[in-house]
Amino acid sequence: MIIGCAVLAFNSGLAIYNSWGDAGSVAFVLVADAALLLLFLCLGQFERARGGAGSGRVKAAVWTLSTQLTAMFAFRVASLMPPVVAAVVWIMAAATIAGGLWAYFLN
């Protein structure tokens with residue numbers, strides 16, 4: 001986990017450096033990093049609380065954070081694509097979000 005966080009921090013630092021002056025890109029990197037770090041923490045908490053008290057809240061947090069990241073990246077990618085491909089990106093993102101909902105809560 002520590003190596004992964006170090007690689008994420010280094011990569012994020014490079015991304016922020018390369019996009020300095022574009023506030024939207026810098027904000028995207030910072031929000032995505034925060035969501036990823038929270039997701040890592042929630043997944044660790046989920047493994048420790050498997051089936052115990054509070055595991056439902058942790059599941060909801062994991063699904064919410066993964067949904068946020070999926071939507072953020074889909075928005076970022078779809079804005080660069082032609083309309084037909086952007087629709088496919090959003091359909092795939094919606095299918096991923098629905099599949100996560102099904103896997104976590106309905107199955």
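A residue is termed buried when its relative accessible area is under 20%, exposed when over 50%, and partly exposed in between (1.4 Å probe, protein chains only). By this criterion, buried residues account for 27% of the 107 residues in the chain. The structure is a predicted model, in which local features need pLDDT of at least 70 and side-chain atom pairs count only at pLDDT 80 or more, while totals for chains, interfaces and linings use all residues. Residues are numbered from 1 along each chain as its sequence is written, and side-chain values use heavy atoms, with hydrogens and water left out.

**Overall architecture**

- The chain contains four helices and zero strands, where helices (H or I, at least four residues) and strands (E, at least two) are DSSP runs numbered from the N terminus.
- Its pattern along the sequence is α-α-α-α.
- Along the principal axes, the C-alpha atoms fill a box of roughly 45 × 35 × 20 Å.
- Of the contacts (heavy atoms within 4.5 Å) with a separation of 6 or more, 56% are between residues 24 or more positions apart.
- The chain exposes about 7200 Å², of which carbon and sulfur atoms supply 74%; accessible areas come from the Shrake-Rupley method with a 1.4 Å probe, and for residues only the protein chains shown count as cover.

**Annotated spans**

- An unreviewed UniProt entry lists residues 25–46, 58–78 and 84–106 as "transmembrane region"; the positions follow the numbering used here, feature names are shortened, and annotations may be inferred rather than shown by experiment.
- Residues 58–78 are 100% helix and 0% strand, with end C-alpha atoms 30 Å apart.
- Residues 84–106 are likewise 100% helix and 0% strand, and their end C-alpha atoms are 31 Å apart.

- S12 belongs to helix α1 (residues 2–18) and is buried, with a relative accessible area of 7%.
- Apart from neighbours within four places in sequence, S12 is in contact with V29 and D33.
- The side chains of S12 and D33 make a polar contact at 2.3 Å, a term for a pair of N or O atoms within 3.5 Å; within protein, one must be able to donate a hydrogen and the other to accept it, and residues adjacent in sequence count only if both atoms are side-chain atoms.

**Cysteines**

- The structure holds zero disulfides (pairs of cysteine sulfur atoms within 2.5 Å).
- The closest cysteine sulfur to that of C5 is in C42, and at 13 Å it is too far for a bond.
- C5 is partly exposed at 22% relative accessibility, whereas C42 is buried at 17%.
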